[in-house]
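Let's take a friendly walk through one protein model. Have the sequence and the 3D view ready as you read.

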Amino acid sequence: QVQLVESGGGLVQPGGSLRLSCAASGFTLDYYHIGWFRQAPGKGREGVSCISHSDSSTYYADSVKGRFTISRDNANNTVYLQMNSLKPEDTAVYYCAADPSRHTVQTMCSMTNLERWGQGTRVTVSS
């Protein structure tokens, strides 16, 4: 079955950390750019961070720059999002998406019509 599965979400206090994982099955991530997106209650989906298929380019939204780090492990067909110094405004459902490497990672992070999406994992930052 071809799918992306996110995990690692949960409840964390402000200032805390979480690491999200996006595992692919049924296909290899080697030739795909991968992005993390989030959707907060009552808001649209926004691109958080994207990484190129070769791991040579990354993009971060201004709101997470310096706090979040995206990485990929092609050998394990998994992409990660390390989230540090979490803020209440980071509360959202986080989705990963994969798309063939036809665009820059910055462009990918602005798109919604991507080829494959996971089901999402919820992150709540609250004291």
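Six bridges join S7 to strand S8 (residues 78-83), and these two strands run antiparallel. Within this pairing, Ile 70 has Leu 81 in S8 as its bridge partner. Strands here are DSSP runs of E with at least two residues, numbered from the N terminus, and two strands pair if DSSP finds at least two bridges between them. In general, the strands of a sheet pair through backbone hydrogen bonds, either parallel or antiparallel.

This is a predicted model, in which local features need pLDDT of at least 70 and side-chain atom pairs count only at pLDDT 80 or more, while totals for chains, interfaces and linings use all residues. Residues are numbered from 1 along each chain as its sequence is written, and side-chain values use heavy atoms, leaving out hydrogens and water.

Now for the sheet: four strands form an open, antiparallel sheet in the order S1-S3-S8-S7. Its edge strands, S1 (3-7) and S7 (68-73), each pair on one side only.

Next, the rings. Which charged residues lie over the faces of Phe 27 and Trp 117? A charge sits over a ring if NZ of Lys or CZ of Arg is within 6 Å of the ring centre and within 35 degrees of the ring normal.

| Charged residue | Ring | Distance from ring centre |
|---|---|---|
| Arg 45 | Trp 117 | 4.6 Å |
| Arg 116 | Phe 27 | 4.2 Å |
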